[in-house]
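Student: I've got this one open and I'd like to talk through its geometry. Can we start with the rings and then move on to the helices?

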Amino acid sequence: DFTSGSSFNPKNWEDYTKHDYSKFKPLHTWVEFINRLIGVICGISVLILGFYSLQFVKNKPILTFLSLLTIIAVGFQAWLGKIVVDTNLNPYSITIHMLMALLIISILIFIHFQNGNYKKNNVKNIALKNIVLLSLIFTIIQIVIGTQVREFIDEQIIMIGETKKNLWLLVLPSIFLTHRSFSLLILTVNFFLIYLSRKINLNSKIIFWIIGIIAIEIILGVAMYYLHFPFSSQPLHLLLAAILFGVQFFFYVSIRNINKINS
């Protein structure tokens, strides 16, 4: 409540304390801008998919339903992105935002397989199917734990500063140790998948892709700890986690069709 005059009076103003977005950071601005551009491209893509799927509403209604569901999911994801910004990167909103992205990936992969005319040739080994599902669940849990680790790092950056990376992990929290140990469990489970697949003569290259991505993830994790978070190591770590989930879900869906996997 004041009347503006011809001169600036600092007594009429106070610091904005809700968040520090008023501090201009070019890198953060470009990351946010590119993220929104990719979001627009994603939105246009699923809109085209939705319109294209209308021609299958009679023959394959599930394709139309899932395609339209994807449009709703991407719209909801955009709204979640707004919530993440409005809440100043609240950890819970970040986790939900990430899980929603994985759900969209799952729907799109399922649409891919629903659109194919595959011969039914189901894998009879129940243990293999269960282990694939277990590894997929473990990956989701690991991603959720990873978002909590990211929250801890963000808090350290605020308290210690961005330039003192060597001090961020001076005192390791239990969530970080859990995240590190859980990666070895995931690796072990997926090596067991190789054993089971060889046992039933399922020569799928997808499993080795999964093992390779997990190995790179572990190497990145070691690099972030011992080399004090090299440039872009955190977002690359997160990107590979999403790719890992996609490949694992692809394998889980396609495990019912030996011919498709082997091709």
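Student: How many aromatic pairs does a search of the whole structure find?
Tutor: Quick ground rules: this is a predicted model, where local features need pLDDT of at least 70 and side-chain atom pairs count only at pLDDT 80 or more, while totals for chains, interfaces and linings use all residues. Residues are numbered from 1 along each chain as its sequence is written, and side-chain values use heavy atoms, with hydrogens and water left out. Rings of Phe, Tyr and Trp (its six-membered ring) pair if their centres lie within 6.5 Å; planes under 30 degrees apart count as stacked, over 60 as edge-to-face and the rest as tilted. Searching the whole structure on that basis gives 10 aromatic pairs.

Student: What kind of pair do Phe192 and Tyr195 make?
Tutor: Their ring centres sit 5.8 Å apart. The planes are at 25°, so the pair is stacked.

Student: And how far apart along helix H5 are Phe192 and Tyr195?
Tutor: Helices here are DSSP runs (H or I, at least four residues), and strands (E) need at least two, numbered from the N terminus. Phe192 and Tyr195 are 3 residues apart in H5 (residues 174–199), so what separates them is about one helical turn.

Student: Which class of accessibility does Phe192 fall in?
Tutor: Buried means under 20% relative accessible area, exposed over 50%, and partly exposed in between (1.4 Å probe, protein chains only). Phe192 has a relative accessible area of 37%, so the label is partly exposed.

Student: Is Phe245 buried or exposed?
Tutor: The relative accessibility of Phe245 comes out at 4%. That value makes Phe245 buried.

Student: How do the axes of H6 and H7 run relative to each other, parallel or antiparallel?
Tutor: Axes are lines fitted to C-alpha atoms, for helices over the stretch in contact, with angles from 0 to 180 degrees between N-to-C directions. H6 (residues 205–226) and H7 (residues 233–254) have axes that come within 10 Å and cross at roughly 160°. Angles under 35 degrees count as roughly parallel, over 145 as roughly antiparallel, 65 to 115 as roughly perpendicular and the rest as oblique. H6 is therefore roughly antiparallel to H7.

Student: At what angle do H1 and H2 cross?
Tutor: The axes of H1 (residues 26–53) and H2 (residues 61–86) come within 8 Å. Their crossing angle is roughly 160°.

Student: Where is Thr70 found, and is Thr70 buried or exposed?
Tutor: Thr70 is found in helix H2. With a relative accessible area of 0%, Thr70 is buried.

Student: Which residues does Thr70 contact, leaving aside neighbours within four places in sequence?
Tutor: Contact means heavy atoms within 4.5 Å. With those sequence neighbours set aside, the partners of Thr70 are Val46, Ile104, Ile107, Leu108 and Ile111.

Student: How many helices and strands are there in the protein?
Tutor: From the N terminus on, the elements run α-α-α-α-α-α-α-α. The tally is 8 helices and 0 strands.

Student: Last one: what percentage of the residues in the protein is buried?
Tutor: The protein has 263 residues. Of these, the buried share is 34%.
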